[in-house]
Amino acid sequence: MSSAHEPAASTADPTGDGAITAGAPDAPDNVVHFSRTQTVTQADLEIRRLGTSRIDSPMLDLLDARQTTEHYVDEDDRVLLDDTVARVTARGVPVDQLPGLEPCGPRRKIYFDPSKTRVGIVTCGGLCPGLNDVIAGLVRTLTYHYGVRRIVGFRNGYQGFISRYGYDEVDLTPEFVRDIAVDGGTVLGTSRGHQDPEEIVDCLERMHINILFVIGGDGSMRGAMGIERVIAERNLKIAVVGVPKTIDNDIPYIDQSFGFQTAFSRASDSIRAVTVEAKSTANGIGLVKLMGRHSGFIACYAALARSDADVVLIPEVPFALEGDTGLLAHLRRRVEQRGHAVVVVAEGAGQELLEAAQAGRNTDASGNRRLGDIGRYLRDRIEDHFGEAGIETSVRYIDPSYAIRSVPANPYDSVYTVRLSQAAVHAAMSGRTAMVVGRVRRRFVHIPMPLAVSKRNQVDPHGDLWQAVLESTGQPVRFGA
């Protein structure tokens with residue numbers, strides 16, 4: 001079984017809808033930058049356990065008659081990583097040796113005695129629809145199905161563990177979380193930035209915490225890996241389980257991250273609004289900037305949901321502004337043909353067009369490079385271009401990013417978060433650690449943390465998702481040479 005403290009040295013071929021996976025440039029030195037030419041083995045997919053599970057699960061009655069079906073995977077079975085004949089054949093190994101992911105779900109034997117278990121929950125990083133749903137799901141599953149009596153919420157991310165900040169903890173009960181899902185954000189608060197894992201583990205020891213659930217993005221999961229490393233060094237029996245969160249849908253291997261459906265649904269409303277504005281003025285142009293630092297999934301899905309966009313710009317596909325085949329000339333032709341045009345741009349698109357001083361090379365508290373404002377830049381360039389051509393126009397610009405991040409989850413994401421939180425509780429109570437839960441091709445599975453932060457999921461310019469966008473917008477494959 002591979003160690004959870006040493007990131008695996010290989011990676012799988014990409015999975016997901018029209019996606020590729022790319023090395024994570026913001027990863028610290030202690031996280032391996034996986035090569036796309038390497039292949040994940042079974043050892044890379046093994047989940048670390050604190051020890052042997054010897055306690056009968058309170059959910060045993062639900063499991064006695066269960067067996068693997070097309071809708072359920074038994075705990076002794078595996079979910080194959082490869083999903084095509086070509087990829088399976090390329091491995092050249094017998095079927096029973098193909099790498100597979102451990103399925104989520106309750107186990108017949110658990111590691112922690114529920115009556116003596118104390119649990120901590122923390123939310124970290126930027127806001128995302130569904131955070132409160134995950135918190136509520138964790139609390140209800142722990143309380144109602146396992147009988148855990150003490151659940152503590154730590155305030156404001158990893159700062160909540162550090163004594164100098166002076167934050168008190170929150171006692172989480174089913175009554176406390178009953179209505180929190182109707183509000184956006186996180187009832188526990190959040191923060192960005194590194195905190196000393198030694199101090200965090202000191203806090204866990206003082207409070208006799210047995211399980212820590214971390215709800216956050218790749219930076220938060222790297223922080224969780226640091227916490228788990230210190231726990232192992234001290235030979236403590238504390239499980240660390242993650243529920244990965246990213247509004248950009250850039251977590252590798254999993255189908256979609258929670259909150260993504262809500263995000264692109266709300267984003268499509270902004271596309272509708274600028275379309276109405278653009279159609280209502282002579283030679284009008286609507287411009288919407290959406291979330292997506294490195295991955296253009298929200299821009300792609302929101303544009304497909306509305307089918308109003310004439311152009312979609314994403315970080316994965318560079319574009320040129322000038323020349324007969326550039327973006328500006330294409331927009332001018334669209335306006336001449338239709339009387340208006342609509343542009344959807346992801347926040348990380350076109351950064352190569354911005355001057356270094358404008359784009360900025362400093363980083364935020366999470367270590368992410370600050371981006372230049374491509375939305376305002378495009379607005380100014382479009383207005384200048386049409387003005388120089390003697391064409392009267394009006395550009396309506398919307399940036400709904402924070403409004404989208406703060407909304408409650410839609411019904412789809414609410415269901416998804418409930419299932420993720422249940423899966424996380426089952427894994428933690430069985431003594432699994434240094435892992436996250438996610439869904440791969442409709443199957444809920446356990447993924448080692450090092451694998452979950454090893455690279456970034458991105459739109460594949462040669463994949464079916466981007467092809468669908470090109471068909472919907474009618475834009476050329478590339479703007480410029």
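Visitor: Why is tyrosine 412 called partly exposed?
Guide: This is a predicted model, and the relative accessibility of tyrosine 412 in it is 34%. Buried needs under 20%, and exposed needs over 50%. The value for tyrosine 412 falls in between, so it counts as partly exposed.

Visitor: What makes tyrosine 416 buried?
Guide: Its relative accessibility is 3%. The cut-off is 20%, so tyrosine 416 counts as buried.

Visitor: Where do tyrosine 412 and tyrosine 416 lie?
Guide: Both are in helix α14 (residues 411–429). They are four residues apart, about one turn of the helix. In general, an α-helix has 3.6 residues a turn, so residues three or four places apart point the same way.

Visitor: How do you know that arginine 439 lies over tyrosine 416?
Guide: Arginine 439 is 4.5 Å from the ring centre, over the face of tyrosine 416. The distance limit is 6 Å. Arginine 66 gives another case: its charged end sits over the ring of tyrosine 72, 4.5 Å from the centre.

Visitor: How many aromatic pairs does the structure hold?
Guide: Nine. Take tyrosine 158 and phenylalanine 161: the ring centres are 6.3 Å apart and the planes stand at 40°.

Visitor: Why is the pair of tyrosine 412 and tyrosine 416 called tilted?
Guide: The centres are 6.4 Å apart and the planes are at 55°. That angle is not over 60 degrees, so the pair is tilted rather than edge-to-face.

Visitor: What makes helix α9 largely enclosed?
Guide: Helix α9 spans residues 297–306, and seven of its ten residues are buried, so the rest of the structure largely encloses it. The buried ones are Phe297, Ile298, Ala299, Cys300, Tyr301, Ala302 and Ala303. Just after α9, serine 307 takes a positive phi of about 60°.

Visitor: How do helix α6 and helix α7 cross?
Guide: The axes of α6 (residues 197–206) and α7 (residues 218–233) come within 9 Å and cross at roughly 65°. The crossing is right-handed. From α6, the contact uses Pro197, Glu198, Ile200, Val201 and Leu204. From α7 come Gly226, Ile227, Arg229, Val230, Ile231 and Glu233. By class, that makes seven nonpolar, one polar and three charged residues.

Visitor: What angle do helix α10 and helix α12 make?
Guide: About 65°, with the axes of α10 (residues 327–338) and α12 (residues 374–388) 10 Å apart. This crossing is right-handed. In α10, Leu327, Leu328, Ala329, Leu331, Arg332 and Val335 meet Leu378, Arg381, Ile382, His385 and Phe386 of α12. The contact has eight nonpolar, one polar and two charged residues.

Visitor: And the whole chain: how many helices and strands has it?
Guide: The protein chain has 16 helices and 19 strands. Of its 481 residues, 57% count as buried. Among contacts with a separation of 6 or more, 79% join residues 24 or more positions apart.

Definitions and conventions. Residues numbered from 1 in each chain as written. Predicted model: local features only at pLDDT ≥ 70, side-chain atom pairs only at ≥ 80, totals over all residues. Heavy atoms only, no water. Phe/Tyr/Trp six-rings, centres within 6.5 Å; stacked < 30°, edge-to-face > 60°. Helix = DSSP H or I, 4+ residues; strand = E, 2+ residues; numbered from the N terminus. Buried < 20%, exposed > 50% of the residue type's maximum accessible area, 1.4 Å probe, protein only. Lys NZ or Arg CZ within 6 Å of the ring centre and 35° of its normal. Axes fitted to C-alpha atoms, helices over the stretch in contact; angles between N-to-C directions. Left-handed = near helix turned anticlockwise from the far one by under 90°. Contact = heavy atoms within 4.5 Å. Nonpolar A, V, L, I, M, F, W, Y, C, P; charged D, E, K, R; others polar.
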